[in-house]
Amino acid sequence: MILYNGHMRTLLEELCSTRNRLGCIIGYLCTNRIKFTLQPYHCGCNVIIGDPDNADFCFCAHYDVVTNSVGANDNTASVVVCLEHAIEGHQNSAVVLFDQEEQLCNGRIEDMGSYVFGMDLKGSPHILVLDVCGIGDTIIGHGDYLPSDVLNHYTPPSDDYALSLNNHKASLISVLPEDQLDSHMIWRELHTVYDTPDKIQDSTMLMMVDWIYTLILSSKEIHEDQKT
Ligand SMILES: [Zn+2]
């Protein structure tokens, strides 16, 4: 059961109004007493919550944005969803927030936070990359592990691609309004000044937090069944 009291909206707006997004995330984690580690590298810094090497699931989202946009849907809403999941705390899942998905400092894939994380990852959790999960009611995606309630649907490559270069199985998860599955209309606002927090739907963020919760719970039940 997810309790909602508006703190997700507050965090969304805080992240969208600062240039120091990493500092904002660290402050939020400290305030909520969530343990985390930083993975700094030559041109960025990932945030790791939990133990991805020993987790069944790893939920990821890039927290950087393009310079001309506050990036509410791409990808702050997904970051907020992942942080909400982290606050609830689940032993068999980890959260990783990637740097440098949008603006590669040297224009190389090796500079992506997800690539750096993938190089270092020893375990093999189901990696679910959340990107553009702030508007709509239909969960779409593609990749190596697609839960049955996700509509298999094309989405442009993201951190899942950089992870696959290090032989990790990853899936990309997004959300669209059902009536835009063909037109992808809202994607036209991504990377522009129009991708703002007022467009983000609280119901979509809540749906995604619930979806993660249900996915983890159902996998635990499957594990339990296999034991008996
Ligand atoms: Zn993105």
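How many bridges join strand E6 to strand E8, and do they run parallel or antiparallel? I looked this up first in the model, which is predicted. I found six bridges between E6, residues 138-143, and E8, residues 170-176. The two strands run antiparallel.

Next I turned to strand E7. E7 covers residues 151-152 and is joined to E6 by two bridges. Here the strands run parallel. I checked Gly 141 and found Asn 152 as its bridge partner in E7.

Then I went through the backbone angles. I kept in mind that most residues other than glycine have a negative phi, and most peptide bonds are trans.

Which peptide bond did I note as cis? I noted the one from Asp 74 to Asn 75, with omega near 20 degrees. I placed Asn 75 in helix H3, residues 72-88.

Arg 33 came next. Its phi is positive, near 55 degrees, and Arg 33 is not a glycine. I located Arg 33 in the loop between helix H2 (21-31) and strand E1 (37-41). Is Arg 33 buried or exposed? I counted 7 other C-beta atoms within 10 Å, so Arg 33 is exposed, the cut-off being 12 or fewer.

Last entry: His 184. His 184 also is not a glycine, and has a positive phi of about 50 degrees. I found His 184 in the loop between E8 and helix H6 (202-227). His 184 has 17 other C-beta atoms within 10 Å, so I logged it as partly exposed.

Terms used
Residues numbered from 1 in each chain as written. Predicted model: local features only at pLDDT ≥ 70, side-chain atom pairs only at ≥ 80, totals over all residues. Pairing = 2+ DSSP bridges. Helix = DSSP H or I, 4+ residues; strand = E, 2+ residues; numbered from the N terminus. Buried ≥ 20, exposed ≤ 12 C-beta atoms within 10 Å, placed from the backbone.
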